[in-house]
Amino acid sequence: MVAVVVSGAMILPKAAASVGILQAADDPARLAELRLPAVATEQRIASEIDDALSKGDGDLARSFLDLADAHGLKVDAERQERVTSSAATPEVHADQDSLGGVTSDAANTWLGTAASFTVDAVGISDVRDLWQEGNKLVQGEPYDRVILGLSTAGLALTGFTVASLLPSGGGSIAARVPVARGLGLLKAARRAGLLSRELAGKVAGMATSALDTVALKEAVAAARAFNLPAARQAASRALRPGAVRTISAMGDDVVALEARLGQRGAAQALGVVRDAGELGRARRLAEVMGGRTRAALKLLGSAALVLGEAVGLLLQAVWLAVGWMVMAALTARRSGLMIGRLIWGLPRLGDR
């Protein structure tokens, strides 16, 4: 009985927590909230705030401050003051980054994408990237499969003729602007090295398996001649529809993340997620947690989005609890018989 009580005190709380986490497998916000108490300590949050401020990321520091407030954790007044002051500090080198976004779309930070967005919206950057990377592929040279896949899909989805820029075509532009924005941010993240290795690999594999080489060569030839209508038509055939839909959905998710978390927050999420499904989960997490999302992703990584490899340990805890219940039931039965013999003189089991 002592063994049952002691083991139950150790097993049952872990099993209850494991069941809660397993039930939250499809709810990233709830999953993150369940996992955060184990890592969100006052010391850890103070350290993360200092680190974020040292890197000039006041938004991330503010996210940790919001998380501490939500979990009832104390942050000293001096750190709170520093976080407040950092929010009022303007970003530096914005002009240089914007210029880099126009000329090469390879700015060191995502501030450059604000300037490059104009050329993304009209398909110019997609034509440029398709010509650069597709031409390398045709000639048998090393190329960036991620950029090639994104630019091909982007041109198929958002390529515009000059006529579509006139007032009569304004409706189509408005409908496609979010997709253009999202794919432009994905390409900028790739160039800045902000995509996780797994996500970049998935996009590259998707582009490789879904590319039609013949149609791609036609698109590259049209891009070389800067023939937007022909390039768009060829690009629409160069990628299978399923791949285009997946990439388009990723673009929508990135735009939603940017709207909730800003460019740095979206970049941080892209460095954590490992596939299109996790990107969608990151979007759902941001919609629920808001400003606390960046802190949650920094503390938990992909564990804020999916169960991951921990599912085996969680199931093990549940099965241990089931085993404990069987042991407890047998112990209770034996104890009942012993008490019955002492009180009412019941016969032993072997005497029956």
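## Overall make-up and confidence

The protein has 17 helices and 0 strands, and of its 352 residues 45% count as buried. Among the contacts in the protein with a separation of 6 or more, 73% are accounted for by residues 24 or more positions apart. The protein exposes about 17,500 Å², and carbon and sulfur atoms supply 60% of this area.

Since the model is predicted, its confidence values deserve attention before any detail is read. The mean pLDDT of the protein is 76, and 72% of its residues reach 70 or more. Confidence is highest in helix H16 (residues 293-300), at a mean of 94, and lowest in helix H6 (residues 94-103), at a mean of 37. Over residues 90-115 the pLDDT stays under 50, and for this stretch the model has 42 contacts beyond four places in sequence. Over residues 159-175 the pLDDT is also below 50, and this stretch has 15 contacts in the model beyond near neighbours in sequence.

## Helix H4 and its surroundings

The buried residues of H4 are Gly58, Leu60, Ala61, Ser63, Phe64, Leu65, Leu67 and Ala68. After the helix comes Gly72, whose phi is positive, near 70 degrees.

Ser63, which is found in helix H4, counts as buried because its relative accessibility is 1%. Leaving out residues up to four places away in sequence, Ser63 touches Gly291, Arg292, Thr293, Arg294 and Ala295. By contrast, Asp66 counts as partly exposed at 29% relative accessibility, and Arg62 is partly exposed as well, with a relative accessible area of 31%. The side chains of Asp66 and Arg62 meet in a salt bridge, and because these residues are 4 residues apart in helix H4, they are separated by about one helical turn.

## Residues elsewhere in the chain

Pro28 is found in helix H2 (residues 28-35), and with a relative accessible area of 1% this proline is buried. Apart from its neighbours within four places in sequence, Pro28 is in contact with Arg281, Arg284, Leu285, Ala304 and Leu305. The C-alpha atoms of Pro28 and Met289 are 9.8 Å apart in space, although the two residues are 261 residues apart in sequence.

Ala221 belongs to helix H12 (residues 213-224) and is partly exposed, with a relative accessible area of 39%. The C-alpha atom of Ala221 is separated by 7.8 Å from that of Ala231, which is 10 residues away along the chain.

Leu342 has its place in helix H17 (residues 311-344), and because its relative accessibility is 76%, above the cut-off of 50%, Leu342 counts as exposed. Together with Ile339, Ile343 and Trp344, Leu342 forms a nonpolar patch on the surface, and these residues have about 540 Å² of accessible area together.

## Salt bridges

Side chains of opposite charge can pair when their charged atoms come close. The count of salt bridges comes to 22, and the table gives some of them.

| Salt bridge | Distance, N to O |
|---|---|
| Glu48 and Lys298 | 3.0 Å |
| Arg283 and Glu287 | 3.4 Å |
| Asp66 and Arg62 | 4.0 Å |

Glu48 counts as buried at 8% relative accessibility, whereas Lys298 is partly exposed, with a relative accessible area of 34%.

Arg283 and Glu287, on the other hand, both lie in helix H15 (residues 276-289), where they are 4 residues apart, about one turn of the helix. Arg283 counts as partly exposed at 27% relative accessibility, and Glu287 is partly exposed with a relative accessible area of 38%.

Salt bridges also link Asp50, Asp76, Glu78, Arg79 and Arg82 in a network.

Methods: Residues are numbered from 1 along each chain as its sequence is written. This is a predicted model: local features need pLDDT of at least 70, side-chain atom pairs count only at pLDDT 80 or more; totals for chains, interfaces and linings use all residues. Side-chain values use heavy atoms; hydrogens and water are left out. Buried means under 20% relative accessible area, exposed over 50%, partly exposed in between (1.4 Å probe, protein chains only). Helices (H or I, at least four residues) and strands (E, at least two) are DSSP runs, numbered from the N terminus. Contact means heavy atoms within 4.5 Å. Accessible areas come from the Shrake-Rupley method with a 1.4 Å probe; for residues, only the protein chains shown count as cover. Patches are made of residues with over 30% relative accessible area and no salt bridge: like charges are joined within 9 Å, nonpolar side chains (Val, Leu, Ile, Met, Phe, Trp, Tyr) within 5 Å. pLDDT is the predictor's confidence in each residue, from 0 to 100.
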